[in-house]
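Please read them with the structure open.

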Amino acid sequence: MSIVKINALTVPDEQREILEKRFASRAGAVENSDGFEWFELLRPVEGTDQYLVYTRWRDEESFQAWMEGPMKAAHQGGAEGGGERPKPAASGSSVWSFEVVQQAAPKGV
């Protein structure tokens, strides 16, 4: 079965809009990667300042290939061509890894 990677990003209130705009502007950055299955950016509603970046992959190898290729290139951008790399919107980050052992979908889907 698939694997899930959740990046828990600590985001101060004043950086929330910046973070969301950066994710919105990256459309297509992960969707075309081999083995990619799903993405969600989850905004905290109450009780935490952590956004969750949920991605689901066919296998660990697909995730690692994306990390070493497109993701690495995207996060190293900005400084090239003389531009200054923007300050991170998150003040902290940790990645959680899971294997999907059970799943369900609505009937008829």
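1. A polar contact here is a pair of N or O atoms within 3.5 Å; within protein, one must be able to donate a hydrogen and the other to accept it, and residues adjacent in sequence count only if both atoms are side-chain atoms. By that rule, the side chains of Trp57 and Thr55 make a polar contact at 3.0 Å. Another such contact, at 2.5 Å, links the side chains of Ser2 and Glu37.

2. On the basis of these notes: this is a predicted model, in which local features need pLDDT of at least 70 and side-chain atom pairs count only at pLDDT 80 or more, while totals for chains, interfaces and linings use all residues. Residues are numbered from 1 along each chain as its sequence is written, and side-chain values use heavy atoms, with hydrogens and water left out.

3. The protein has two helices and four strands. Their order along the sequence is β-α-β-β-α-β. Helices (H or I, at least four residues) and strands (E, at least two) are DSSP runs, numbered from the N terminus.

4. Now the pairings one by one; two strands pair if DSSP finds at least two bridges between them. S1 and S3 are antiparallel and joined by eight bridges, and Thr10 has Gln50 as its bridge partner in S3. S1 also pairs with strand S4 (residues 92-99) in the antiparallel sense, over eight bridges; there Asn7 stands opposite Val95. S2 and S3, again antiparallel, are joined by six bridges, and Leu42 has Leu52 as its bridge partner in S3.

5. Contact, here and below, means heavy atoms within 4.5 Å. Among contacts between residues at least 6 apart in sequence, 69% join residues at least 24 apart.

6. How much of the protein is buried? Of its 109 residues, 27% count as buried. Buried means under 20% relative accessible area, exposed over 50%, and partly exposed in between (1.4 Å probe, protein chains only). S1 is mostly covered, with seven of its eight residues buried. The accessible surface of the protein comes to about 7,700 Å², and 54% of that belongs to carbon and sulfur atoms. Accessible areas come from the Shrake-Rupley method with a 1.4 Å probe; for residues, only the protein chains shown count as cover.

7. The largest nonpolar core has seven residues: Ile3, Val30, Phe36, Trp57, Phe63, Trp66 and Met71. Helix H2 (residues 60-76) gives the largest share of this core, three residues. A second, separate core of six residues includes Leu19, Tyr51, Val53 and Ala89. A nonpolar core is a set of buried Ala, Val, Leu, Ile, Met, Phe, Trp, Tyr and Cys residues joined through side-chain atoms within 4.5 Å.

8. Why is Trp57 classed as buried? Trp57 is buried because its relative accessible area is 0%. Leaving aside neighbours within four places in sequence, its contacts include Ile3, Val30, Phe36, Phe63 and Trp66. The C-alpha atoms of Trp57 and Phe39, 18 residues apart along the chain, are separated by 9.4 Å.

9. Arg56 lies in strand S3 (residues 50-57) and counts as buried because its relative accessible area is 18%. Not counting residues up to four places away in sequence, Arg56 touches Ser2, Phe36, Glu37 and Trp38, among others. Ser2 lies in the segment before strand S1 (3-10) and is buried, with a relative accessible area of 9%. Beyond its neighbours within four places in sequence, Ser2 is in contact with Glu37, Arg56, Trp57, Arg58, Glu99 and Val100.
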